[in-house]
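Good morning, and thank you for making time for this presentation.

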Amino acid sequence: MQNTWIFIGIFVAMAAVFPLLPIVVAKFLAPSKPNAIKLDTYECGMETVGDTWVQFKVQYYIYALIFLIFDIEVAFLFPFAVAFDMLPLFAVVEGIIFILILVGGLFYAWRKGALEWT
Amino acid sequence: MIPLSWYLYLAAGLFALGLFGAVARKNAVAILMSVELMLNAVNINIVAFWRYLAPAEIGGQIFAIMVFAVAAAEVAVGLALFISIYNSRKTIAADEINLMKW
Amino acid sequence: MTVEQGIFLFIGFLILFSGFMMVTRSNLVHAALYLILVLFGVAVLFVLLNAGFLAVVQIIVYIGAIAILMIFAVMLTRGDVTGEAITMNSVFGWGMLLSSLFGFALIIMLGQWPAVTSLAPALPASWNELVEIGVAFLSPQGFVIPFEVASVLLLAALIGALYVARAPKKGE
Amino acid sequence: MSFWQDPVAVIGQWILDLLISLNLPEAWVTFIYTLLGVIVVASFGLILVIFLIWVERKVAARFQDRLGPNRAGPYGLLQTLADIVKLLTKEDVVPEKADRLVFNIAPILSMVAVLLIWAVVPFAPGWIGTDLNVGVLYIAAVGSFGILSVLMAGWSSNNKYALLGAFRAVAQLISYEVPMLLTMLVPVLLARGMGMVHMVTAQDTWFIFLAPAAAVVFLISSIAELGRTPFDLLEAESEIVAGYHTEYTGMKFGLFFAAEFLHAFTVGVLFAIFFLGGWRGPWAEQAPILGLFYLMLKSIFGYFIIMWVRSTLPRIRIDHMLAFNWKFLTPVALALLILTAFLDKIFSETALRIPVLLIANLVVLAIGYVISSAMTRRQAKQRVKFKKRPVAKPA
């Protein structure tokens with residue numbers, strides 16, 4: 001087992017405990033007098049109209065989509081960057097071609113107007 | 001020490017769950033999620049085989065990274081299709097999308 | 001039982017439980033959150049398998065991007081998020097039968113394979129997975145073709161998905 | 001090594017000796033030792049927050065020609081403690097329609113996401129939680145939990161403004177994550193490794209001299225990741241009430257708040273490590289405590305820039321913000337990455353490496369600026385092209 005990761009494992013557990021503590025303390029200290037109006041959905045004092053579902057733009061999805069593609073690209077490029085010293089110029093050019101293909105994707109999205117927030 | 005079998009059994013269980021979801025779920029997005037479960041089961045297997053049977057060959061990890069790329073492409077296109085279908089038909093229930101059925 | 005086995009059992013239970021919850025919840029956002037738990041568990045398994053890089057990429061790509069995309073799509077398609085609609089198809093029974101048969105068949109077949117109980121061999125002494133992966137990706141003897149093809153695949157996915165998602169809506 | 005030069009190593013060794021002398025099994029010794037390390041690192045972060053909130057309020061007040069907190073304690077130092085007590089005694093309201101479990105997990109997750117970054121921060125030579133070989137990617141991975149917590153908070157509140165705010169926030173966060181990841185790749189490329197310790201030791205010349213443009217892009221996109229002014233659209237109260245944490249009260253709101261402050265300082269720390277040489281400085285290697293001092297100095301410099309920007313610039317409109325990201329920052333980051341990779345390969349080992357990279361960076365930044373400002377001007381021209389209405393003449 002990798003010792004470096006044990007620390008992370010314990011850290012995850014402790015990092016969850018630390019913010020939990022004030023919430024638990026607040027549970028004991030804070031008053032609790034719920035009533036119907038207080039528990040209602042907050043909307044600047046108005047009563048809520050309609051349900052939570054409002055129409056969302058497809059644009060949100062499109063940004064997430066471009067983000068996903070670039071995320072994968074970065075995952076591919078990190079090993080490339082780490083192994084940089086071992087690579088001949090030829091291999092670096094291959095890496096650059098890899099990036100350029102995706103730059104093409106970005107420019108396609110740009111030309112098609114997919115980046116506009118309309 | 002963990003024997004290889006544990007990973008393989010776990011992956012088999014996860015794959016079966018994913019298969020069940022992909023066949024039985026009604027909502028198309030849920031089906032895609034189930035497909036992700038199956039892909040993850042496969043990835044567990046790939047990495048476990050790499051670690052236990054061929055740790056000197058880096059190809060095992062490369063293969064797993066390729067699975068990530070394929071999964072991402074699949075999700076991107078699949079969800080775009082569902083959104084498009086929803087916009088024209090107002091439903092993404094899998095058994096109501098029967099455009100290509102004969 | 002060693003610590004490692006304990007962690008594995010806990011994570012394995014977590015994965016199977018969340019996977020089960022994921023395929024049975026009718027609330028799609030809950031299903032997506034359970035999916036995230038599964039993905040996180042798989043990342044921990046990668047750490048146990050000495051593949052730290054894959055674990056981190058799993059979290060970045062799956063939890064950071066794919067799961068978010070899923071939740072966005074759920075919101076955009078207004079699926080049966082509230083849990084009122086029917087969760088399962090009409091072929092629900094067949095799916096149950098097929099998947100349980102498949103799962104048991106896999107497990108029985110695995111049990112008969114002799115190499116299944118093998119333990120993990122030691123890794124090479126000076127093991128630097130990142131450099132190995134980077135070099136393998138870009139050397140012509142290695143995986144440079146898959147590397148470039150992956151880029152083209154992602155480009156194709158980007159263009160295709162953009163085109164489909166932004167297709168002009170009629171009558172709106 | 002004397003105590004005053006390296007207190008952490010001395011105390012650590014003392015505790016380790018103590019644990020071994022207790023005759024515990026080896027696994028327990030490792031566990032307790034690691035646990036203590038975790039507690040020290042995590043509580044360092046948390047105690048820092050209390051101090052940071054005071055600093056931020058004081059500095060912001062000075063920018064606006066006010067005094068800032070000055071009642072509780074000397075110079076208002078105890079103000080944050082008073083606020084904590086206040087938050088602890090506030091009623092904790094969970095709306096009826098909310099999804100209770102998800103609603104309660106979201107603030108904890110947002111704090112966890114920030115705190116986890118500290119596990120790999122190298123404070124000084126030898127002072128580090130754990131030196132993962134995938135350190136930089138780990139930071140990016142942890143950041144994705146922050147995005148998740150925003151989405152969870154917004155959805156579980158079952159409030160349309162919270163959900164809208166969460167969607168906007170996530171769109172902003174994931175958009176700016178792209179140039180941030182790409183510019184994080186530049187220091188990794190220059191250092192030829194992504195362990196955090198390696199990152200610091202590789203900076204014989206600070207990377208800001210090799211990649212100034214990358215540093216600028218990184219800082220801008222990190223500020224956007226924080227969701228602060230000028231990028232605070234996710235909580236634009238005039239449009240969407242208060243964004244994704246509309247429904248949160250008491251300590252749970254406090255956690256979101258504290259997470260944001262800690263994140264702001266963490267960005268400063270990361271900026272210092274990636275571009276300003278981390279703990280490096282004169283005699284830092286002989287006396288690690290000096291290293292901590294240098295790191296904090298550099299981080300506070302980064303943090304000060306963030307505060308400066310915050311109190312100077314007005315909020316940007318959402319379409320401008322996203323266009324700025326996709327049409328300026330991302331192309332610039334990509335160009336920088338390509339150029340850095342190419343030039344660093346050609347000029348590595350030569351004396352020209354530093355000047356060539358420096359000039360290439362500045363050129364990319366200049367070209368990007370010229371192109372984008374030309375485009376903005378063209379757009380502005382197109383916008384004014386509307387019909388002239390006849391002017392009403394006075395009778």
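Predicted model: local features only at pLDDT ≥ 70, side-chain atom pairs only at ≥ 80, totals over all residues.

Residues are numbered from 1 along each chain as its sequence is written, and chains are lettered from A and ligands numbered from 1 in the order in which they are written.

Chain C contains six helices and zero strands, where helices are DSSP runs of H or I with at least four residues, strands are runs of E with at least two, and both are numbered from the N terminus. Along the sequence, the pattern reads α-α-α-α-α-α. Of the 172 residues in chain C, 47% are buried. Here a residue is buried if 20 or more other C-beta atoms lie within 10 Å of its own, exposed if 12 or fewer, and partly exposed in between, with C-beta atoms placed from the backbone.

I turn now to the contacts between chains. Two residues are in contact if their C-beta atoms, placed from the backbone, lie within 7 Å. Which of the five pairs of chains in contact share the most contacts? The answer is chains B and C. Their contact takes 78 residues from chain C and 62 residues from chain B. On the side of chain C that touches chain B, helix 4 of chain C gives the largest share, twelve residues. That side divides into 56 nonpolar, 17 polar and five charged residues. In this count, Ala, Val, Leu, Ile, Met, Phe, Trp, Tyr, Cys and Pro are nonpolar, Asp, Glu, Lys and Arg are charged, and the others, Gly among them, are polar. By comparison, chain B and chain D do not touch, and their nearest C-alpha atoms are 15 Å apart.

One residue of chain B deserves attention. B:Glu36 lies in helix 2 (residues 28-53) of chain B. B:Glu36 counts as buried because it has 24 C-beta neighbours inside 10 Å. Leaving aside neighbours within four places in sequence, B:Glu36 contacts B:Ala71, C:Leu35 and C:Ile66. B:Glu36 and B:Ala71 stand 35 residues apart in sequence, yet 7.3 Å apart in space, C-alpha to C-alpha.

Next, the nonpolar core, meaning a set of buried Ala, Val, Leu, Ile, Met, Phe, Trp, Tyr and Cys residues joined through C-beta atoms within 7 Å. The largest such core has 277 residues, of which A:Leu65, B:Ala76, C:Ala32, C:Leu69 and D:Leu185 touch the most other members. Helix 6 (residues 160-191) of chain D gives the most to this core, with 23 residues. Setting aside neighbours within four places in sequence, A:Leu65 is in contact with B:Ala76, C:Leu69, C:Leu158, C:Ala161 and C:Leu162.

Finally, the buried residues of helix 12 of chain D, among them D:Tyr294 and D:Arg310, pack against elements of chain D including helix 2 (26-63) and helix 11 (250-275).
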